[in-house]
Amino acid sequence: MNTFSNTLLSWYRENKRTLPWRDTQDPYLIWISEIILQQTRVAQGYDYYARFVRRFPDVKSLAAADDDEVMRLWQGLGYYSRARNLLAAARSMKDGVFPATYEEVRALKGVGDYTAAAICSFAYGMPCAVVDGNVYRVLARHFGVDTPIDSTTGKKQFAALAQEMLEPSHSADYNQAIMDFGAMVCTPKSPGCMACPLAETCAALAEGRVSDLPVKQHRTKLVDRYFNYLFVRLGNDTLLHKRVADDIWKNLFELPLLETDEDLDVAKFLGSEVFADFLRGHPGAVVRPLSRGVKHVLSHRIIHANFYEIILPESSEFPGYLRVPVADLDVYALPRLVHAFLENHLKKQADSCKM
């Protein structure tokens, strides 16, 4: 066993985090945890994992699930393609049996090299090295590798280095160890170098390059989008529609949305053709702005959202929209942006009624 791996394993035995998916070798449960944690911190993902596996404890129950219920359980986690991929993968498993080879696991929808390696290592003890953000950081700093991690060359180099450092007879523990070490000690900012058990052999620490590694060659370009949401009140009901296009939040419900090319002030928006088209055939609407300038940052987009309330007679009809009681909004999977607005606004309304 090499010194690097031995040190990590020793550290892990004393410092490993207690997590529910570490007490099992069930590939289904490990798969669910890994998909949730792909873009989510452990602290946030913990409760989601518990709720999800309580409702869908195995492949068969997930494969038979209603799409909207799965999306509702996923609400707030973001990156909703993960939930759609989970459903598709579960439904592709013959007889509800989770695959047992690396090739079959890797072929599941939404499963990449990292996730396949994690599942096969943790569930089946296969000698597959995982490479995630934490692993990139630990390896880049310790071995002084400045090849960009988002380059083809870098990905191959780090994959080979990770596999070289893997201790085959303890693959599951080693993979958990290096990921925990990156999350708890070799952190992106303010790493614990002074108490690090690998400090004496860390190239980045010796060369004063800890903050420079790992290297990325590209930065994601953020695109601004301008959303105007309409909270339409029809007596005790409101309107929703389901996002079905290949765009953000696919298969989630939201309030009627009018997207514009720029951020329009209240007067310009209410005087716009797109707003007039929405209200065509509905004269006498009472309209008021509720919340403006709400900024919601996604991985590739910045949403600038404004929310308006529109009060119309209860008998008003809007073909193409789903009419639902306001009291039942919690039944629907909504983007976090819309859910947060409704939760806050309805709470304010309820509080004002008590006064």
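Visitor: What should I know about the model and its numbering?

Guide: This is a predicted model, in which local features need pLDDT of at least 70 and side-chain atom pairs count only at pLDDT 80 or more, while totals for chains, interfaces and linings use all residues. Residues are numbered from 1 along each chain as its sequence is written, and side-chain values use heavy atoms, with hydrogens and water left out.

Visitor: How many helices and strands are there in the chain?

Guide: The chain has 15 helices and 7 strands, where helices (H or I, at least four residues) and strands (E, at least two) are DSSP runs numbered from the N terminus. Along its principal axes, the C-alpha trace spans about 75 × 50 × 45 Å.

Visitor: Why is the pair of Glu309 and Arg233 called a salt bridge?

Guide: A salt bridge is a side-chain nitrogen of Lys or Arg within 4 Å of a carboxyl oxygen of Asp or Glu. The closest N and O atoms of Glu309 and Arg233 are 3.7 Å apart, and therefore the pair meets that definition. This pair links distant parts of the chain, with Glu309 in strand E6 (residues 301-312) and Arg233 in strand E1 (residues 223-234), 76 residues apart.

Visitor: What makes Glu309 and Arg233 count as buried or exposed?

Guide: Buried means under 20% relative accessible area, exposed over 50%, and partly exposed in between (1.4 Å probe, protein chains only). Glu309 has a relative accessible area of 3%, so Glu309 is buried, and Arg233, at 14%, counts as buried too.

Visitor: With which other residue does Glu309 form a salt bridge?

Guide: Glu309 also forms a salt bridge with Arg288, where the closest N and O atoms are 2.7 Å apart. Here Glu309 in strand E6 is joined to Arg288 in strand E5 (residues 286-297), 21 residues apart. Arg288 is partly exposed, because its relative accessible area is 39%.

Visitor: How many salt bridges does the rule give, and which residues are linked in a network?

Guide: The count comes to 18 salt bridges, and Arg225, Arg243, Asp247, Glu254 and Glu259 are linked in a network of them.

Visitor: How many disulfides are there, and why is Cys128 in no disulfide?

Guide: The count comes to 0 disulfides, a disulfide being a pair of cysteine sulfur atoms within 2.5 Å. Cys128 is buried, with a relative accessible area of 14%.

Visitor: What share of the chain counts as buried?

Guide: Of the 355 residues of the chain, 47% count as buried.
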